[in-house]
Amino acid sequence: MNSAVWCRGSLLVLALLAGGCASVAPPVPLRVGVTPDYEPLAFLRGGHLVGAEIDFARALGQELGRPVEFVTVDWDEQITALLAGHTDIIMSGMTATPERSRQIAFSDPYLGNSLHALVRRDQLERWATASVVREQARVIGVLVGTTGETFVREHCPEARRVVVPSSAEAPALLKKGSIEAFVDDGWSVALLLSQDPDQLALARGALQVEDLAWGLRPADENLLAQVNSVLTRWREDGSLLGVVRRWAPHIDLLE
């Protein structure tokens, strides 16, 4: 064979191979918005993101065949960041409320949640039930931008709301008497109770029952359908409960 023809033929084959490779785009990362201040769902340990939501996000990325890229977002900016296209999904312990549903789409609920009131154990007789806290407490600690804050504002109009920088700081404020109760998600208060059961207690009953779900842009209907399909499978094979039990065995304290 003429060497020039062979060379041209080889170059053509290489060009076709290169073109074929170039046409296979890498999978698009799944950008997950997280606020890492909510133990045990999403928080920092040794400088690394950990928690139930982090495990869920990594497993979801594997199911969808997409690498996961975590994007740290301030809690009150989560919806704004999602709608602006900076993230693709919020996976950070967000409650699916009617107000939020007017802005974003939610996946099927992946976990039931509820609002509870944490109080001092030596005052448990005074604050025996959630309804007593709701009706009589006058100084209640809350986290800004949470459903707990919204609940206290709407259902405890006579109470003064004290913004607690983080849930970890609530026990100290209770012990000092700076607040009479701390209202937050069951995940959070159960963890705090498990760390100091001799001095802390839960008012009996839930203030409000709600669901946790993952937030997506309303236009991302295909991604929403994929996420819900994965959730259904995880619910049926026990994967959801397995992750919950791994990170929050103390959740049984709410029962």
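**A salt bridge, and what else to look at**

Mentor: Asp-88 and Arg-31 form a salt bridge through their side chains, 2.8 Å from N to O (a side-chain nitrogen of Lys or Arg within 4 Å of a carboxyl oxygen of Asp or Glu). The two residues are 57 apart and link distant parts of the chain: Arg-31 belongs to strand 1 (residues 30-34), while Asp-88 is in the loop between helix 3 and strand 6 (89-90). Helices (H or I, at least four residues) and strands (E, at least two) are DSSP runs, numbered from the N terminus. The count of salt bridges comes to ten.

The model is predicted, with local features needing pLDDT of at least 70 and side-chain atom pairs pLDDT 80 or more, while totals for chains, interfaces and linings use all residues. Residues are numbered from 1 along each chain as its sequence is written, and side-chain values use heavy atoms, with hydrogens and water left out.

Helix 3 (78-83) comes up again at the largest pocket, where helix 4 (98-101), helix 6 (147-155) and strand 13 (208-212) also give two or more residues to the lining. A pocket is an open set of points on a 1 Å grid over the protein atoms alone, where a 1.4 Å probe fits, with protein on both sides within 12 Å along at least five of seven lines; lining residues have an atom within 4 Å of a point. The volume is about 490 Å³ (space filled by probe spheres set on points joined across faces, edges and corners). By class, the lining has eleven polar, seven nonpolar and six charged residues (nonpolar: Ala, Val, Leu, Ile, Met, Phe, Trp, Tyr, Cys and Pro; charged: Asp, Glu, Lys and Arg; polar: the others, Gly among them).

The second largest pocket holds about 390 Å³. Its lining has 22 residues, with Asp-37, Trp-75, Leu-143, Val-144 and Thr-146 closest to the centre. Strand 2 (37-38) and strand 11 (181-185) each give two or more residues to the lining of the second largest pocket. Its classes are eight nonpolar, eight polar and six charged.

The peptide bond joining Glu-39 and Pro-40 is cis, with omega about 10 degrees. Most peptide bonds are trans.
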